Amino acid sequence: MTRLGTITRYVLLALGAVAFLFPFYYMIVGSLQTAPDTTLAGAFPDPANITGENYVNINERVNLFQGLANSGIFTGGVLLGTVIFGTIAGYALSVLKWRGRGATLVLVLLVQVVPFQLLMIPLYVMIARDYGLSDSYLGMILPFLINSTAVLIFRQYFLQLPKELFDAARIDGAGEFRILWSVALPLVRPALLTAVLLTFIGPWNEFLWPFLITKEAALQPLAVSLANFISNVAASTSNPFGAMMAGAVVLAGPAVALFIIFQRYFVSNDLGSGVKG
């Protein structure tokens, strides 16, 4: 590639990065303004207009720590189910041979095209009325416990593993769960991180289902608490715009930090290194 082409590529990448990062920057700046400035000039704040009162104001009306804790419990439960059931199902659909495997894979693919909103009412009736799990963490987590996208991710990674690894483990007397735990999982760590990172953002930002299944404010994730704040009490603050931006920063912060920390792990292992010859 020529020098001019290299320069052009980096300029375009830099412009794209600025375009994607500007909304986050503007959100942070807006959360620190004493008087709201929604014009483009507000992106270059006046030091005299900087304050942290917006975070104090929203924390007085929404328990940010409790909301973050609820979001963490909800998201953590979903991620735990995604990893456990995703690895087992992905292993069964890729390594094991059994009657109906192809049909099951087709069903997993079909689940991708069914919108969650279509299932929400029967799920609410089943979980809230039949199981009595309304206003509980389990009621929030249960519909998201199995993620079909994660199943497909694990299946594709397991398909890349050399068949000889599994045959050798079986010859040594290892059962399927032992093979999954000791042989397959260590070689598909990128799949674990990919599934976790792709799944994380869904339950962390989920609003509609927790809003339906929980009525107690002490159990609601931060996304629901912030939506209630915007709808009901934001106007009572001295700077509603700044308070809303402060809440958005708190909600987005963990997700952004997680992706920044783990982005370098989006690489594939040398899957053939476990086989000699």
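Leu-118 lies in helix H5 (helices are DSSP runs of H or I, at least four residues, numbered from the N terminus). Leu-118 is exposed, with a relative accessible area of 60% (exposed is over 50%, buried under 20%, partly exposed in between, with a 1.4 Å probe and protein chains only). The model is predicted: local features need pLDDT of at least 70, side-chain atom pairs pLDDT 80 or more, while totals for chains, interfaces and linings use all residues. Residues are numbered from 1 along each chain as its sequence is written, and side-chain values use heavy atoms, without hydrogens and water.

The chain holds 13 helices and zero strands. Its C-alpha trace spans about 70 × 65 × 30 Å along the principal axes. Buried residues account for 37% of the 277 residues.

The largest nonpolar core has 19 residues. Such a core is a set of buried Ala, Val, Leu, Ile, Met, Phe, Trp, Tyr and Cys residues joined through side-chain atoms within 4.5 Å. Tyr-91, Phe-158, Leu-161, Phe-166, Ala-184 and Val-188 touch the most other members. At least two residues of this core come from each of helices H7 (148–159), H8 (163–171), H9 (176–187) and H10 (189–205). Apart from it lies another core, of 15 residues, including Phe-200, Leu-222, Val-250 and Ala-255.

Beyond its neighbours within four places in sequence, Phe-158 is in contact with residues including Thr-87, Gly-90, Tyr-91, Leu-180, Ala-184 and Val-188 (contact means heavy atoms within 4.5 Å). Among contacts between residues at least 6 apart in sequence, 73% join residues at least 24 apart.
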